[in-house]
Amino acid sequence: MPWFNALIRDMQFPTNHVARSDLAVVIRDKFPKSRYHFLVLPWADIDNVYQLTSQHIPLLNEMLRLGLQAIEVSRCLRADFSMGFHMKPSMRRLHLHVISNDFTGRGMKTEKHWNIFHTDLFMPFGSILAELEERGHIHQRSPAYIQSLLSTPLECNQCDRQFETIVTLKAHLLGHLVAIGAEP
């Protein structure tokens, strides 16, 4: 199976399930970009947000419910998480990211990883739901716009300080965790 279909494979194994329903399933991201990084995937074969229509709103609400359930499993506060979709996903099957805001996971290795969560490339759940309710579909963004977002300078999501490399940014983020008494 090609690597871009790995989510479809991984969601089939009950041992990977954090939560599930008849419409969707929650699994842990195999390459977490934060301490807690869950993915909510529909059982229906939907590749990405651009295939959604207003008919999928009940599915999205179920995905949100399961995402909130995953946050409960982590024993963290809802305010410590972001939920959204990537504007240009690299993996097949629609997936909602439910991710803690520390971004210190072992999978956070490149500037691209940072920018797909800290620019408009990360489309918040509420924005997607609102666009579906208003337009009935999600507007496709241009390749030039996507490329411009990928080259955005690295900026801390907690104090707005800028960094030249992901290594120095990640070390800085660990300092934020220590400052609040969290275990890195």
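Strand S4 is mostly covered, since five of its six residues are buried, where buried means under 20% relative accessible area, exposed means over 50%, and partly exposed lies in between, for a 1.4 Å probe and protein chains only. The model is a predicted one, in which local features need pLDDT of at least 70 and side-chain atom pairs count only at pLDDT 80 or more, while totals for chains, interfaces and linings use all residues. Residues are numbered from 1 along each chain as its sequence is written, and side-chain values use heavy atoms, with hydrogens and water left out. Helices (H or I, at least four residues) and strands (E, at least two) are DSSP runs numbered from the N terminus, and two strands pair if DSSP finds at least two bridges between them.

Strand S4 spans residues 81–86 and is joined to S6 by three bridges, the two strands running antiparallel. Four bridges join S4 to S5, again with antiparallel strands. Gly84 takes part on both sides, standing opposite His97 in S5 and opposite Pro124 in S6. Phe85 has Met123 as its bridge partner in S6.

## The sheet as a whole

The sheet is open and is formed by six strands in the order S1-S2-S3-S5-S4-S6, with antiparallel pairing. Its edges are strand S1 (17–20) and strand S6 (122–124), each of which pairs on one side only. From one strand to the next the twist averages 30°, the axes being lines fitted to C-alpha atoms (for helices over the stretch in contact) and the angles running from 0 to 180 degrees between N-to-C directions.

At the S1 end, S1 and S2 pair in the antiparallel sense over three bridges, and a hairpin of three residues joins S1 to S2. Arg20 has Val25 as its bridge partner in S2.

## Val40 in strand S3

Val40 is found in strand S3 and is buried, with a relative accessible area of 0%. Setting aside residues up to four places away in sequence, Val40 touches Ala24, Val25, Val26, Met63, Leu66, Gly67, Leu94, His95, Leu96 and Val98, contact being defined as heavy atoms within 4.5 Å.

## Pocket and cavity

Rolling a probe the size of a water molecule over the atoms shows where empty space is left. On a 1 Å grid over the protein atoms alone, a cavity is a set of points where a 1.4 Å probe fits but cannot get out, a pocket is an open set with protein on both sides within 12 Å along at least five of seven lines, and lining residues have an atom within 4 Å of a point. The largest pocket has a volume of about 790 Å³ and is lined by 33 residues, of which Asp29, Lys33, Ser90, Met91 and His95 lie nearest its centre. Helix H1 (6–10), strand S2 (24–28), strand S3 (37–42), helix H3 (111–118) and helix H5 (143–150) each supply at least two residues of this lining, and the lining residues divide into 15 nonpolar, nine polar and nine charged.

The structure holds one cavity of 30 Å³ or more, and the largest cavity has a volume of about 60 Å³. Among the residues that line the largest cavity are Phe85, His86, Met91, Arg93 and His97.

Arg93 is placed in the loop between S4 and strand S5 (96–100), and at 6% relative accessibility Arg93 counts as buried. Arg93 has a positive phi of about 95° although it is not a glycine, whereas most residues other than glycine have a negative phi. Phe103, in the loop between S5 and H3, also has a positive phi, near 55°, and counts as buried at 3% relative accessibility.

Thr165 lies in the loop between strand S8 (162–163) and helix H6 (166–179) and is partly exposed, with a relative accessible area of 32%. Thr165 touches Glu111 and Leu154, not counting residues up to four places away in sequence.

Technical notes:
Grid points are joined across faces, edges and corners, and a volume is the space filled by probe spheres set on the points. Ala, Val, Leu, Ile, Met, Phe, Trp, Tyr, Cys and Pro count as nonpolar, Asp, Glu, Lys and Arg as charged, and the others, Gly among them, as polar.
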